[in-house]
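Here's a walk through a protein model, going from side chain to side chain. Have the sequence and the 3D view open, and follow along.

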Amino acid sequence: MPGLEGPSDYSNEPPRHPILQINAKEPFNAEPPRSALISSYVTPVDLFYKRNHGPIPIVHDLERYCVSISGLIENPKKLFMKDIWMLPKYNVAATLQCAGNRRTAMSNTRKVKGVGWDVSALGNAVWGGAKLADVLKLVGIPYLTSTTKSGGKHVEFVSVDKCKEENGGPYKASIPLSQATNPEADVLLAYEMNGETLNRDHGYPLRAIVPGIIGARSVKWLDSISVIAEECQGFFMQKDYKMFPPSVNWDNIDWSSRRPQMDFPVQSVICSLEDVNAIKPGKVKVSGYAVSGGGRGIERVDVSVDGGKTWMEASRYQKTGIPYIADGPSSDKWAWVFFEVTIDVTQSTEIVAKAVDIASNVQPEKVEDIWNLRGILNTSWHRVQVRVGRSNM
């Protein structure tokens, strides 16, 4: 496309922060240490997880770059960055989470296929850009439209990057038109991240941000937007990121039997402790993050110091000095919360966290119950082991 190129090799990758834990080099997939993840409510760009399916695209000429909007609409258009910059700008705090977050723990139970993520394949950013609902108005689609006159019911985002899963073609995904045209859904065509221009790893010059659903639908490096009648038929919508029961394996899988995963369930993770810890007896601060999909706030985070026999409630917060209310007007509904509680640890034990969202959804106890062959949506209770000793270890 004019001004933006999807390379065919990895010779022009951007620099990355050395603290990142690399899970795959080509394509580059990495996450920060869990302790760094909760150092800031807004995740620094350099520490935001990197999820890629091919070489990082290169912008040669921003003035020539444009996004075509076409399909089952009456007024197709090409929009340049200057056109998008002229639309009202919104800043939306939203947590993006890879559907494979915590896959490694699921794979430890029974092997799964996919990038081996620990607990940090997510991050919270303030995304700046135009609302997709305003962009679609430019091509004649009013707010709160579920079907266009020509029968369009979905909005497909097509990237410029090249993926082996698409046989060298672009990454693509779609969302329902009803979501795309709803201003309250806060779907953005974003050009900023944390108040700065997007960097290459995160979709420069323009990407979709779809709050409240798995990160796979927030397509980076946009090439085109198409209004279509059916869901996107791309690989990552039809043959990946679907939730199957534990009984399904690679011999009996039927991809067409499940819909593409969109929403993500309630999740919490302890970040102040590693999976196995040697500590002195006494008071221990337990802290981490909790988040749920669909804009559902976190009603409660429970922490257990005895493997789940008894529980205590942790405090929850987003911004310092502002009380967090799960569905309150001052809370960021698309963003994670941090939790914290101080506990007494007198002997070696298992510390557990589980969250409850405002719809009373609660994390499942056992990873075995939600095991699936692609290792997505591991939202089981998060557990860390502590070994207590009397001397410095």
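**Inside the fold**

Let's start with a serine: the side chain of S159 reaches the backbone oxygen of W221 at 3.4 Å. The backbone oxygen of K220 is also reached by the S159 side chain, at 2.9 Å. Both are polar contacts, meaning a pair of N or O atoms within 3.5 Å, where within protein one must be able to donate a hydrogen and the other to accept it, and residues adjacent in sequence count only if both atoms are side-chain atoms.

Before going on, a word on the ground rules: this is a predicted model, where local features need pLDDT of at least 70 and side-chain atom pairs count only at pLDDT 80 or more, while totals for chains, interfaces and linings use all residues. Residues are numbered from 1 along each chain as its sequence is written, and side-chain values use heavy atoms, with hydrogens and water left out.

Back to S159, which lies in strand β9. Helices (H or I, at least four residues) and strands (E, at least two) are DSSP runs here, numbered from the N terminus. Is S159 buried or exposed? Its relative accessibility is 2%, so S159 counts as buried; the cut-offs are under 20% relative accessible area for buried, over 50% for exposed and partly exposed in between, with a 1.4 Å probe and protein chains only. Leaving out residues up to four places away in sequence, S159 touches P170, Y171, V219, K220, W221 and D223. Contact here means heavy atoms within 4.5 Å.

Strand β9 also holds V155, which counts as buried because its relative accessibility is 0%. Its contacts, apart from neighbours within four places in sequence, include L132, L136, A173, I175 and I225. For a sense of distance, V155 and H53 are 21 Å apart in space, C-alpha to C-alpha, and 102 residues apart in sequence.

V155 brings us to the largest nonpolar core, which has 60 residues; L132, V155 and F157 touch the most other members. A nonpolar core is a set of buried Ala, Val, Leu, Ile, Met, Phe, Trp, Tyr and Cys residues joined through side-chain atoms within 4.5 Å. With residues up to four places away in sequence not counted, L132 touches V155, F157, I175, A180, V187, L188, L189 and I225. Another core lies apart from that one, with 23 residues that include A290, V303, A326 and A355.

Now for the charged pairs. How many salt bridges does a search of the whole structure find? The count is 17, a salt bridge being a side-chain nitrogen of Lys or Arg within 4 Å of a carboxyl oxygen of Asp or Glu. One of them pairs E74 with K149, with the closest N and O atoms 3.8 Å apart. E74 sits in the loop between β5 (66–71) and β6 (77–80), and K149 in the loop between α4 (132–137) and β9 (154–162), so this pair ties together parts that are 75 residues apart in sequence. E74 counts as exposed, at 53% relative accessibility, and K149 is exposed too, with a relative accessible area of 79%.

Next, find D186 and K131, whose side chains meet in a salt bridge at 3.1 Å, N to O. D186 is in the loop between α5 (177–180) and β11 (188–193) and K131 is in strand β8 (residues 122–131), so parts 55 residues apart in sequence are tied together. D186 and K131 are both buried.

R296 and D357 also form a salt bridge, and their closest N and O atoms are 3.1 Å apart. Here R296 lies in the loop between β17 (282–291) and β18 (298–304) and D357 in strand β22 (residues 349–357), so the pair links parts 61 residues apart in sequence. Both R296 and D357 are buried. Elsewhere, salt bridges that share partners join R34, D118, E274 and D275 into one network.

Take a look at Q97 as well, in strand β7 (residues 89–97). Q97 counts as buried, at 4% relative accessibility. Its side chain makes a polar contact of 3.0 Å with that of N101 and one of 3.3 Å with that of Q267.

The structure holds zero disulfides, a disulfide being a pair of cysteine sulfur atoms within 2.5 Å. C232 counts as buried, at 0% relative accessibility.
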